[in-house]
Amino acid sequence: MHKPLSIFMIIFSINISWAQQDIPKSLGSNVNSSYQETKPVISPDGNTLFFARQNYPENYAGSKDPQDIYVSQKRNGSWSGAQNIGEPLNDKYPNGVSSVTPDGNTLLVINGYNEYGDVLDGASISHRKGGRWQYPQMVYIQEFYNLNEYIDYYLANNERTLLLAIETEESYGDQDLYVSFRIDERNWSKPVNLGRQINTSSPEFSPFLAADNKTLFFSSYGHNGYGDADIFYSKRLDDSWQNWSKPENLGTDVNSKEFEAYYTIDAAGENAYYVTTKGSIAGSKDIYEMTLPYKFRPDPVLLLKGGVVDASNGNKLEAEIEFVNTNNYEKNEDVISNAENGFSHILEKGALYQYLPQKKGYVGILQYQDLTKLNEYLEQDQKLGMLPIEVGSEIPVHHITFVNNADIFRSDAYFELDRFASLLQSNPQMQIQIIGHTSQLPLEAENDRLSYNRAKAVADYFEKKNVHPDRLRIKGSGEKVAFYSNTDVALKNGIALEDRITIKIISMDWEKPKPKDTDGDGIIDIEDDCPTLAGVAENNGCPEITEETKEVLKEALEGIEFELGSDVIREQSLPILDKVVTVMQENPDYKLKISGHTDNQGDDDANLLLSHKRAQATKKYLMDQGIAILRLDAVGYGEMQPIESNDTAAGRAKNRRVEFEIVFD
C-alpha cells in the first residue's frame, strides 16, 4: 500500500524541481535573427529589453554598420518585434546599451560621444525627454585607459557605482573587472580592480550587478567552465569591493561548451536573459531567457514607482525626489519624476528610507519605507504629494513626532522641525497657523489640550529659530478633524494617521511690526528710559536736563546745611532751595529724588534716622513752596553711600550731604 505512494511522491518532487529550474528558451524571431544579437539589458521592471544587433541590413549604415541598438517590449507575456532605437544613439560606429536606470529614462551607452559626431573610447549617458533620447553626454573617469580591444560597462541601479571590464597595467591578465564611483554628474573615480577572487589571468567581462547592489554575474574564460566563456555568480561581502564569495558556475542549465555571456536579470530577480551560441539561428549569437534558480537570486528589493502631484488639485508635477538611508544618512542618487512618466527607483533591503519630493514653489510631504525586514521582492506604486507655497495650503506633517501622550518632541522630530523652520526663514513674509491633531487620550477635552500644547511646542521651537512670534498662530483641534489625503502617505512604523501637525499658510504678505515709539522722540520704547516723554538720545530718551539745572543741583548738593545733629535747615541754605523750587516749577515733567547721607561718626542707626529726617525736611520745604508731593521722593541712606573717605575731616564733611536727582518715571 505504501510503495505506490512513495513513487508518486518522488515523481511529484521531481516535477517541482523541474518547475523551479525552468529550461532556457530563445526569445524567438521577434528578437533573434540569423545575425549576431548581443549585449542584452533588461529594464528593472522586466518589460523592456535593449540589445545590440551586428551588421544587420537595417542598421544605421546598413550591413556594413558593425552594431546598432534595438529595443523590444514585453506585451501580454510576449516580446514585440525589435525596433532600431534610431538616432542619436545609433550612428555609423558600434553602438550598444550597457545599462538602464530603474525609471527607464536614462541609458549608459558605449562610446564617448562628442559634439562633432565622432566617438572616443569611453561611455556616455543619454536621457529620455518628451519621448526622445537626447544626444549622449560623455562621462569622465579619472585616469581611465584600456589596453584591450574589448570593453564592457555596467551602471548600478543606484547610479553611483560603475563596473568596467577593461585591461590595465594592474590587470591580472587580459580583461579584468573594475569598479568606479560617482564624483558628480559626469565625473567618476579612478577604476579599482575587484581583486583575485573575481579576476584571473584570462578575460573576465560582461559584468552585471543585481538590484541588491551585491550580487554579481559575469562571464569568464578563467574560472572552471565547460568550454568557451561561462557565466558565474559571486556575492559582495562588504563595502570594500575587494571581498567576494568564491565565484560559482551557473551550471549546465545555462552554460555549455559554447559561448555564454551578458547575463542580465530584472529587479525581482526572477527572470534572466543572456547570450549563447548554443541552439542559435544559423550559428549566430542569440538571446535566451529563463527563470533564475533560487540559489542564485539576489537579496529582495523594493521597486518603487509612481509620480508626483499637486495635492491641492491632482495635477502631475515634475520634481526631484531625494532618497536618504536613515541608517547612516547616506544620500542616494536624487531621482527625477517627470510629469509624463513619473519615476521608478530601487531601494535595497536592510534600511529605513526617508524620501521627499522637492520643487521650487512647493512643499513636499515626507515619506518613509522600512525595509529592515524585507524578505521578498516588492513593487509599489505611490503618488507623492506636494502643496504650493500659497495662502490656503494645509500641509499635513506626521513626522514631527512626540512622546506618547505628551508634548515633548521625540528625537526623530527634528528633521521636519528644521525643514519647516527653514521654510519660514526662506519666506520671511509667510504667516502660518500651527494646528495640532491627536486622538491618543480617552477624553475629547484631554485631546484638545494635548493637541494645543503640541502646536505650541512647535511654535516655541520656530521662535528659537528666530521666527517672529507674530507669524505663528496656534490651534488645538484634538480629534475633531479626521485625516484625509488624495495622495499616498507612507509613515514610519507606529505613527497613526490621526496624530499630526498641520501647517496652514494664512498669509504671504506679513510685515514685521515697526518698533513702538510712544512719545515720538525717535527712540523706540524698548531703548527709551522715558517711553511716554519726548526726550533726547543723550539722556537715554528722557527730556534734556539743561546746564543751568545741573548747576542748581550741584549748588544744592554743596550748599544745603543743617543745624548740628539736627534736621533743621539753616537759614543760609534756603535761597539755594528756592532755586530748586524754581527749576521744578519751570519743568512740570521733572520729578525729584532727595537722598540724605551722613559720615560714619556715631551710632549707625542714629545716622540712618538722621539722614532720613534731613531728606524729609528738604522734601517738606519744597512742598511748602507748592511742589506736589507726587513729584518728590525722599529717602535716607545714613553712612552706607560715602563719596569720600571717612578718615579725614574733609572727607567726612563731603559725606554729610543731601543729593538731588531729576527723574522721570
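## Nonpolar cores

The largest nonpolar core contains 46 residues. Those with the most contacts inside this core are Leu194, Leu216, Phe217, Leu250, Tyr263 and Ile265. A nonpolar core here is a set of buried Ala, Val, Leu, Ile, Met, Phe, Trp, Tyr and Cys residues joined through side-chain atoms within 4.5 Å. Buried means under 20% relative accessible area, exposed means over 50%, and partly exposed is in between (1.4 Å probe, protein chains only).

Leu250 is in contact (heavy atoms within 4.5 Å) with Phe217, Ile231, Phe232, Tyr233, Asn255, Tyr263 and Phe296, leaving aside its neighbours within four places in sequence.

## Basis of the model

The structure is a predicted model, in which local features need pLDDT of at least 70 and side-chain atom pairs count only at pLDDT 80 or more, while totals for chains, interfaces and linings use all residues. Residues are numbered from 1 along each chain as its sequence is written, and side-chain values use heavy atoms, with hydrogens and water left out.

## Strand pairing

Helices (H or I, at least four residues) and strands (E, at least two) are DSSP runs numbered from the N terminus. Two strands pair if DSSP finds at least two bridges between them. E24 pairs in the antiparallel sense with strand E23 (residues 271–276) over 6 bridges, and Val275 stands opposite Ile287 in E24. Strand E1 (residues 25–26) also pairs with E24 in the antiparallel sense, over 2 bridges. The bridge partner of Ser26 in E24 is Tyr288.

An open sheet is formed by 4 strands in the order E13-E14-E15-E17, with antiparallel pairing. Strand E13 (152–155) and strand E17 (192–193) stand at the edges with a single partner strand each, so one side of each is left without a neighbour in the sheet. Strand E15 (residues 176–181) pairs with E17 over 2 bridges in the antiparallel sense, and Val179 stands opposite Val192 in E17.

## Salt bridges

The whole structure has 26 salt bridges, each defined as a side-chain nitrogen of Lys or Arg within 4 Å of a carboxyl oxygen of Asp or Glu. One of them joins Glu555 and Lys579, with the closest N and O atoms 3.2 Å apart. Glu555 lies in helix H4 (residues 547–559) and Lys579 in helix H5 (residues 574–586), so the pair ties together parts that are 24 residues apart in sequence. Glu555 is partly exposed at 31% relative accessibility, and Lys579 is partly exposed at 40%.

Glu561 and Arg570 also meet in a salt bridge, at 3.3 Å from N to O. Glu561 is partly exposed at 34%, as is Arg570 at 26%. In the salt bridge of Arg657 and Glu659 the N to O distance is 2.8 Å; Arg657 is buried at 6% relative accessibility, whereas Glu659 is partly exposed at 26%. Asp212, Lys214, Lys235 and Asp299 are linked in a network of salt bridges.

## Nonpolar surface patch

Met623, Ile629 and Leu630 make a nonpolar surface patch of about 320 Å². Patches are made of residues with over 30% relative accessible area and no salt bridge; like charges are joined within 9 Å and nonpolar side chains (Val, Leu, Ile, Met, Phe, Trp, Tyr) within 5 Å. Accessible areas come from the Shrake-Rupley method with a 1.4 Å probe, and for residues only the protein chains shown count as cover. Met623 lies in helix H6 (residues 604–624) and is partly exposed at 32% relative accessibility.
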